[in-house]
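User: I'd like to go through this model feature by feature. Could you show me how to read each one?

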Amino acid sequence: MSEKPKVAWYWCASCGGCEESFVDLAERLLKVFEAVDIVFCPVAMDFKREDVEKLPDGSITVALINGGIRLKEHEEMVKLLRKKSKIVIAYGACSAWGGIPGLANLYNLDEALERKYLEVPTIENPKEVLPTKKIIVNIPEAKMKAELELPEPLPVLLPLDKVIDVDYYIPGCPPTPDVFWNALQALLSGNLPPKGAIVGASNRSLCDECSLNETKPEKVLVKEFKRPDKAKPEPNKCLLAQGFLCMGPVTRGGCTALCIKGNMPCTGCFGLLDGIVDYGGKAISYFGSILDYSPVEEKEIKKAFDGIPDWIGTIYRYSLAASKLSHKAGIKKPKRIKEVVEI
């Protein structure tokens with residue numbers, strides 16, 4: 001009996017939705033476990049870094065890595081998995097392009113830490129304790145001190161392919177179970193596209209599989225841009241034609257337009273189409289082209305664009321870290337990170 005393919009799964013900076021997509025395979029999970037050996041999956045099984053270190057180089061058939069690279073620990077682990085794996089796949093939008101955590105790249109590390117641990121209204125932190133390389137915690141009840149060592153953060157969040165060589169990408173926030181299943185089938189069959197390709201999803205835009213596409217006019221023209229929290233979309237009518245910022249025309253298909261079926265515009269989590277260099281750049285170019293003002297009236301155009309308060313967060317929601325903007329210019333060494341703090 002031939003040996004089963006060995007699969008590793010590692011979680012970097014993400015929300016856990018990618019792991020949920022694995023669980024959402026439901027009964028198909030049984031077929032996965034029949035077909036492969038899971039050799040590393042610390043989120044679900046008791047594996048340690050040492051378990052990976054003991055494996056021969058190249059002995060893992062496929063490593064699925066989700067989340068962006070935010071910590072030194074992430075950086076070290078993905079380099080180790082690259083060394084041990086034949087194929088490395090960036091799983092989900094955060095791993096492929098930075099995802100929503102990548103929006104923190106608009107700020108330097110001090111600003112991000114201050115916002116997260118000091119400024120958010122729901123935070124209670126009177127001693128202004130911030131993540132520190134080493135923390136000594138006094139435990140009076142036990143009359144002892146405990147020493148905790150935390151992974152060091154990187155100055156910015158990086159997509160996986162900025163740190164290691166990546167073979168394939170599975171898109172989505174998170175990837176749908178069917179997209180994951182399609183990718184698994186391709187991997188197990190050995191019928192893989194050229195290196196660097198997307199696997200499991202479509203090569204066409206989301207509009208191509210959207211049920212509202214039939215209602216989309218041949219030439220979309222709008223006078224204003226709307227937000228779903230400020231205006232209610234009409235049912236069964238192309239959201240973009242109604243002025244909602246639906247990313248369908250510039251986004252890869254494969255999710256079966258799940259958000260649109262829920263009457264919500266596409267937010268672009270399946271990322272850019274083949275041949276597109278910068279997702280946000282393509283999106284802003286498209287939205288500029290459908291504004292119905294001729295001749296150009298700058299005042300009216302400004303009013304239309306001012307209807308969206310956070311353009312970067314809208315058009316680069318999943319891809320800022322991989323974009324031409326990438327991160328805030330002039331990254332400085334953080335002052336808020338301390339070596340040792342005693343609390």
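**Reading the model**

Analyst: Let's start with a loop: Pro 174 sits in the one that runs between β9 (168–170) and α7. Keep in mind that this is a predicted model.

User: What is the peptide bond from Cys 173 to Pro 174, cis or trans?

Analyst: The general idea is that most peptide bonds are trans. Here the Cys 173 to Pro 174 bond is cis, with omega near -5°.

User: Is Ser 21 buried or exposed?

Analyst: Check the relative accessibility against the cut-off: buried means under 20%. Ser 21 has 2%, so it counts as buried.

User: Now helix pairs. At what angle do α2 and α7 pack?

Analyst: Helix α2 (residues 28–35) and helix α7 (residues 177–189) pack at about 25°, and their axes are 12 Å apart. Since angles under 35 degrees count as roughly parallel, α2 is roughly parallel to α7. As for handedness, α2 passes α7 in a left-handed crossing.

User: Which residues make that contact?

Analyst: From α2 you have Arg 28, Lys 31, Val 32 and Ala 35, while α7 brings Pro 177, Asp 178, Trp 181, Leu 184 and Leu 188.

User: How many residues does the largest nonpolar core have?

Analyst: The largest nonpolar core has 88 residues. Those with the most contacts inside it are Leu 64, Val 78, Leu 160, Phe 225, Ile 260 and Phe 287. Helix α7 turns up again: it gives the most to this core, with six residues.

User: What does Ile 260 touch?

Analyst: Not counting residues up to four places away in sequence, Ile 260 touches Leu 206, Cys 210, Leu 212, Leu 239, Cys 246 and Cys 266.

User: And backbone angles? Which way should I expect phi to go?

Analyst: Most residues other than glycine have a negative phi. Glu 128 has a positive value, near 50°, and Asn 263 has a positive phi of about 65°.

User: Where do Glu 128 and Asn 263 lie?

Analyst: Glu 128 is in the loop between α6 (109–119) and β6 (134–139), and Asn 263 is in the loop between α8 and α9 (279–289). Partly exposed covers the range between the buried limit of 20% and the exposed limit of 50%. Glu 128, with a relative accessible area of 47%, is therefore partly exposed, and Asn 263, at 27%, counts as partly exposed too.

User: What is Thr 215 in contact with?

Analyst: Beyond its neighbours within four places in sequence, Thr 215 is in contact with Asn 236, Lys 237 and Cys 238. Thr 215 lies in the loop between α7 and α8 (258–261), and its relative accessible area of 35% makes it partly exposed.

Conventions
Residues are numbered from 1 along each chain as its sequence is written. This is a predicted model: local features need pLDDT of at least 70, side-chain atom pairs count only at pLDDT 80 or more; totals for chains, interfaces and linings use all residues. Side-chain values use heavy atoms; hydrogens and water are left out. Axes are lines fitted to C-alpha atoms, for helices over the stretch in contact, and angles run from 0 to 180 degrees between N-to-C directions. Helices (H or I, at least four residues) and strands (E, at least two) are DSSP runs, numbered from the N terminus. Angles under 35 degrees count as roughly parallel, over 145 as roughly antiparallel, 65 to 115 as roughly perpendicular and the rest as oblique. A crossing is left-handed if the near helix is turned anticlockwise from the far one by less than a right angle, and right-handed if clockwise. Contact means heavy atoms within 4.5 Å. A nonpolar core is a set of buried Ala, Val, Leu, Ile, Met, Phe, Trp, Tyr and Cys residues joined through side-chain atoms within 4.5 Å. Buried means under 20% relative accessible area, exposed over 50%, partly exposed in between (1.4 Å probe, protein chains only).
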